[in-house]
Structures are given as structure tokens and as C-alpha cells.
Amino acid sequence: MNDTLPSGGREGRLVGKFRLERKLGSGAMGEVFLGVHVVLGNFVAVKVLNATTRGDPGAVARFANEARAVAAIGHENIAGIIDHDELPDGTPCIVMEYVEGATLRDLLFDGGPLALKTAAQLMIDVLAAVGAAHAKGVVHRDLKPENVRVTPGGRAKVLDFGVAKLLQSPDPKLSTDGALIGTPHYMAPEQVNAEAIDGRTDLYATGVMLFECVTGQRPFEAPTLVALLQKQLQAAPPWPSKLRPGLPSSLEQVILKALEKEPGRRYQSAGEMAEALRALLPELEGAVAPAPAVAPPGALYTPTRKEQGAVATPALAAPEPSPAPRRSRLPWVALLLAVVTFGVTIAALMTWKPAGDGPLVIEAPPEKPKPAPEVPLPPEPVAPSPPVAEPPQPPVQQVAKNNKPKPVPRAPEPVKPVEPEPRKPQNGVTMIETGRDRK
């Protein structure tokens, strides 16, 4: 236990004949101090109601209910009640048997998973305690490793009945039906749903503790309370043998049966479950199932309040989330190259010119084959396009007797044709003017 926890300045105060020495820890409803008898010198544990709840009449009544419930049970595996008293300031307190040793949480936190026979034997002691409580009509409702103390001789004792329910409570206000009471990791589905509970609710919590003792982790973990409670209601627990190879299947079946969602499918009494474990002790004596050195990959361990507040022991950090996989840049590079290639192609087509200095004649590509348009010719007597050689001169007439040549008749002067107006090129055809006849 951590002896350096803050105590609110209560050390040295007297509770009857017991003086408060130091704070041992905290429970569901109060703080626990080590007390010593001022005359005899023997040690006790003194549980003082929390300052935040002592103004609540219901909490005060439930605190007294714990003392009556434990006193009525009177079992060797339950820390006994010595007295119910008050501090000088009127704060209620309970004087209990002081149990030497360490809590089951301390053993798991310091040494990891337990030997299989040790785990089974400790749960047999716990079942003996809750079985005695059930016989008196008391359901613990908050079984967890913090509330189980292991003596130097290896025996387990159950502590803290602060939220215990009396099945036949004379005051219905003390039953707190409809309230979410307990520790979420160890709560049975009917407890999560605030339904009617009985002794089988404690057997579910015992199954969770046994699972944790042999694997080193709890069956259900989640980042939020809502997600955790949802798992308690719907998710199947992992197989313990997957977390601790070599675990005997007979022990695994006991654990899984205790963790059934439906109370009717679990063990129906603490004695029945204890007998199932007791029958396995000879088999577990020589069982070889090495405890896992570390928690399995992906396991999320949530430190308890005691572990979070420990001074000397560093807190366990939750595993860092794996980084998200990097997206490949190849599709983006390919897209960029395609865009650049397309742009270069368009630019080349827009700037391309054919070789040569002559006029550029571009025929529009016809959608369908059509005959080439004919170039209209000038009306007659326009000379043909190719140059024509000059016609031969007519033969010279014989000179007359009077030796005077007759005039040679000339061909009529050709009428100069009217030159047509230059036409615009049609369908991209450039008109090229040809030469005329020479005289």
C-alpha cells in the first residue's frame, strides 16, 4: 500500500481507544487509516466516511449498512468489524480488522500474471467469502483486485462492502435500484443495465478477476466509459488461452462460463464455481503455462486510481496509436505528367507551320468526299492559261506590176475583254493570276 497518500490531516486523532497513524488507501465511500490501540498496541483499520459524502443522509445510512452487513456475515475470508464510531468532528467511521499483506492489485501490478494454482486458490477463498455473504442476503457488487487482500500466508480476504446490497433490506432507499454502482471493468451486464441482481453478479466479477490473474489483463478495455459498458453488454470475451498459450482448457472453460452474459448460463452459486476450481487444483499443480512477459499487442491497460496516484512507481503509458498509413503520391505524379503532356501537344499544334516560302494553301478537310470546286474561267476570247506561241505571219503578197505592194489585210483587233473582278478565295483556295497573250 502507498503510505504517502494525503490524509486530510487526520493523523493523530482518536477514534475511541484507537489513534490514527497513517492513511492506507481509499474505498468506494471512505478513506482507510491504520489505527493502533493506545493501550494494547494492536493494529486495526479505520474506515472514515468521505468528507464529500458525509452530508448525504443516504450515504451515511449505507455506510452504517456496511458495518451491519459485514458483522452479520462473520467469515474468516472477510475482514471483520470491530466497532462503529465517530470522529470528534462527528464524521462516521468503522473500526475493522487489519489484514497484513498486499492487495491482489499490488501483486498483479508488481509481478504480472500469477501461477495458475495460486490464482485458482485465491479465487476459491474469494468465492468462500461471497458465498457466505450471499447466504446472509448480501451481494458485494464491487469485487475487484483492490478489494481483495492477500495475507503473507497466501490466503485471500475480501474488503470493502461499502456498496453491498442487502437483498432483504428493510429500507428500500438503501438498495439504490436503477443506479449504476460498481467498477465498470468488473460489472456484470445486468449491473450495467441497472436490472435486478443477485449472487451471480458477484460470480461474474470473480470470473473477471480470475481472467486477469492468469492473463495479466482484463477481458474488456475501451477508451471511453460508454464503449467499455457496451462491450460488457455485447462483446464476447477473448479466449484466455490466446493470451497465455498452454493454459489448460479446463481452467479456460471455468473462466468463460463465469463470464456468460446471461446469469442463467453462469455458475448458479459461489459454491458450485468453487468446486469446479477445487477439482482443477491437482491438474494445475504441474501445469506448464508460462506467463506472458508483456501485455499482448493491442492490449490497453487502464491504471487504477491507486496506480495513478503512486509516487514511487511510474504510471504505465497507453500505447501510442500507430501512425496512419501514408498515401501514395504516384497517382498525383501520373496525373501531373498527363496534364503537362497534353499542354505541350496543344501548344505544338497551334504554332506549327509547313516548310517553304510560297503561299500557304490549306484545304479544309471535307467531312465527306466532295469534288474539288472548279475555278470559273473568264469568258471568250480570253487566252488559255498556258502561254501560246505567236501565230505565223501570213505570206507576203507578190509585188504588183506597178511595183506597189498591196496593203496586207490585218486581222481584226481583238476586243479587249472586260476583266472580271477578282474573286475571293472559296473554300480556302487562293486564286493565282496567269499571264496574258503577247502580241
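**Strands, rings and a helix face in a predicted model**

The chain has an accessible surface of about 27300 Å², of which 59% belongs to carbon and sulfur atoms; such areas come from the Shrake-Rupley method with a 1.4 Å probe, and for residues only the protein chains shown count as cover. This is a predicted model, in which local features need pLDDT of at least 70 and side-chain atom pairs count only at pLDDT 80 or more, while totals for chains, interfaces and linings use all residues. Residues are numbered from 1 along each chain as its sequence is written, and side-chain values use heavy atoms, with hydrogens and water left out.

Me: What makes up the secondary structure of the chain?
Reply: The chain comes to 12 helices and 11 strands. Helices (H or I, at least four residues) and strands (E, at least two) are DSSP runs, numbered from the N terminus.

Me: Why is strand E4 called largely enclosed?
Reply: Buried means under 20% relative accessible area, exposed over 50%, and partly exposed in between (1.4 Å probe, protein chains only). In E4 (residues 43–49), 6 of the 7 residues are buried, so the strand is largely enclosed by the rest of the structure. For the chain, 36% of the 439 residues count as buried.

Me: How do you know that E3 and E4 pair?
Reply: Two strands pair if DSSP finds at least two bridges between them. Strand E3 (residues 30–37) and E4 run antiparallel and are joined by 7 bridges, with Gly-30 opposite Leu-49 in E4. The two strands form a hairpin with 5 residues between them, and Gly-41 in the turn has a positive phi of about 80°.

Me: Which strands pair with E6, and in what sense?
Reply: E4 is joined to E6 (residues 92–97) by 5 bridges, and these strands run antiparallel; Val-44 stands opposite Glu-97 in E6. Strand E5 (residues 81–86) also pairs with E6 in the antiparallel sense, over 5 bridges, and His-84 stands opposite Ile-94. E5 and E6 form a hairpin with 5 residues between them, where Gly-90 in the turn has a positive phi of about 95°.

Me: Why is E6 described as largely enclosed?
Reply: Of the 6 residues of E6, 5 are buried, so the strand is largely enclosed by the rest of the structure.

Me: Why is the pair of Phe-43 and Tyr-98 called tilted?
Reply: Rings of Phe, Tyr and Trp (its six-membered ring) pair if their centres lie within 6.5 Å; planes under 30 degrees apart count as stacked, over 60 as edge-to-face and the rest as tilted. The structure holds 1 aromatic pair. Phe-43 and Tyr-98 lie 6.4 Å centre to centre with 55° between the planes, and the pair is therefore tilted. Phe-43 lies in E4 and Tyr-98 in the loop between E6 and strand E7 (102–103), so the pair ties together parts that are 55 residues apart in sequence.

Me: What makes the buried residues of helix H9 line one face?
Reply: In H9 (residues 270–278), Ala-270, Met-273, Ala-274 and Leu-277 are buried. Seen down the helix axis, the buried residues fall within an arc of 100°, so they line one face of H9; the arc is that of the directions from the helix axis to the C-beta atoms.
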